[in-house]
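Keep the viewer open as you read.

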Amino acid sequence: MILQRLALRAAIACALLLVPAHVHAMEGIASTYGREIFRINPKGLTANGERFKPMGLTAAMWDVPFNSRARVTHLTTGRSIVVRINDRGPHRRLRRLIDLSTGSCRALGACGLARVRVEIVPRGRRVADAR
């Protein structure tokens, strides 16, 4: 029974990764995180093991593989940036879609909480072509 559940979850995960990028567009609330990570994690490591750089163009998201690129568009201003997913978060009970590093937040002009659209940039495409 447990193996069947694991096989089903693996099949669903593979199917989600094979879906075209335009289907991966999600809308929700983005939040900001920065130096407070060092209070929780004194070494300042992200979930993929690299050192957290608050001013980098990075983000945290649960359902996206590490090192994926995501285009984040601020729905109020229409401004967008491309970030690299290198961490996990925000906590699910907060009902937020993505956590942006301080640098990403400033580049997007959306510090604090903001309504955003997140689109996964397909592998193999240049970031400039993804728009």
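Which residues have the most contacts inside the largest nonpolar core? They are Val-72, Ile-98, Val-116 and Val-118, in a core of 18 residues. A nonpolar core here is a set of buried Ala, Val, Leu, Ile, Met, Phe, Trp, Tyr and Cys residues joined through side-chain atoms within 4.5 Å.

## Ground rules

This is a predicted model, so local features need pLDDT of at least 70 and side-chain atom pairs count only at pLDDT 80 or more, while totals for chains, interfaces and linings use all residues. Residues are numbered from 1 along each chain as its sequence is written, and side-chain values use heavy atoms, with hydrogens and water left out.

## The overall layout

The protein chain has three helices and six strands, and from the N terminus on they run α-β-α-β-β-β-β-α-β. Both kinds of element are DSSP runs numbered from the N terminus: helices are H or I with at least four residues, strands are E with at least two.

Of the 131 residues in the protein chain, 37% are buried. The labels go by relative accessible area: buried is under 20%, exposed is over 50%, and partly exposed is in between (1.4 Å probe, protein chains only). The protein chain exposes about 8400 Å², with carbon and sulfur atoms supplying 57% of it; areas come from the Shrake-Rupley method with a 1.4 Å probe, and for residues only the protein chains shown count as cover.

Now for contacts, meaning heavy atoms within 4.5 Å. Take those in the protein chain with a separation of 6 or more: 72% of them are between residues 24 or more positions apart.

## Back to the core

Back in the largest nonpolar core, with its 18 residues, the elements giving two or more residues are strand S3 (69-74), S4, strand S5 (98-101) and S6. S6 makes the largest share, at four residues.

Leaving aside neighbours within four places in sequence, its contacts include Ile-29, Ala-59, Val-72, Ile-85, Val-116 and Val-118. On S5, Ile-98 and Leu-100 point one way, Asp-99 and Ser-101 point the other way, and all are buried.

## Who pairs with S5

S5 pairs with S1 in the parallel sense over four bridges, and with S2 in the antiparallel sense over two bridges. For strands to count as paired, DSSP has to find at least two bridges between them. Leu-100 in S5 turns up on both counts: Thr-32 stands opposite Leu-100, and Leu-100 is also the bridge partner of Ala-59.

Thr-102 belongs to helix H3 (residues 102-108). Is Thr-102 buried or exposed? Its relative accessibility is 18%, so Thr-102 counts as buried. Setting aside neighbours within four places in sequence, Thr-102 is in contact with Thr-32, Tyr-33, Gly-34, Pro-54 and Met-55.

## Two salt bridges

Side chains of opposite charge can pair when their charged atoms come close. The structure holds two salt bridges, each a side-chain nitrogen of Lys or Arg within 4 Å of a carboxyl oxygen of Asp or Glu.

In one, the side chains of Glu-27 and Arg-117 meet at 3.3 Å, N to O. Glu-27 lies in strand S1 (residues 26-33) and Arg-117 in strand S6 (residues 114-121), so the pair ties together parts that are 90 residues apart in sequence. Glu-27 is partly exposed at 46% relative accessibility, and Arg-117 is partly exposed at 28%.

In the other, Glu-50 and Arg-84 bring their side chains together at 2.8 Å, N to O. This pair also links distant parts of the chain, 34 residues apart: Glu-50 sits in the loop between helix H2 (37-40) and strand S2 (58-60), and Arg-84 in strand S4 (residues 80-87). Glu-50 counts as partly exposed at 24% relative accessibility, whereas Arg-84 is buried at 18%.

## One disulfide

Searching the whole structure turns up one disulfide, that is, a pair of cysteine sulfur atoms within 2.5 Å. Cys-105 is joined to Cys-111, with 2.3 Å from S to S.

## A loop to finish

Pro-65 is found in the loop between S2 and S3 and is partly exposed, with a relative accessible area of 29%. From C-alpha to C-alpha, Pro-65 and Asn-48 are 9.9 Å apart in space, and they are 17 residues apart in sequence.
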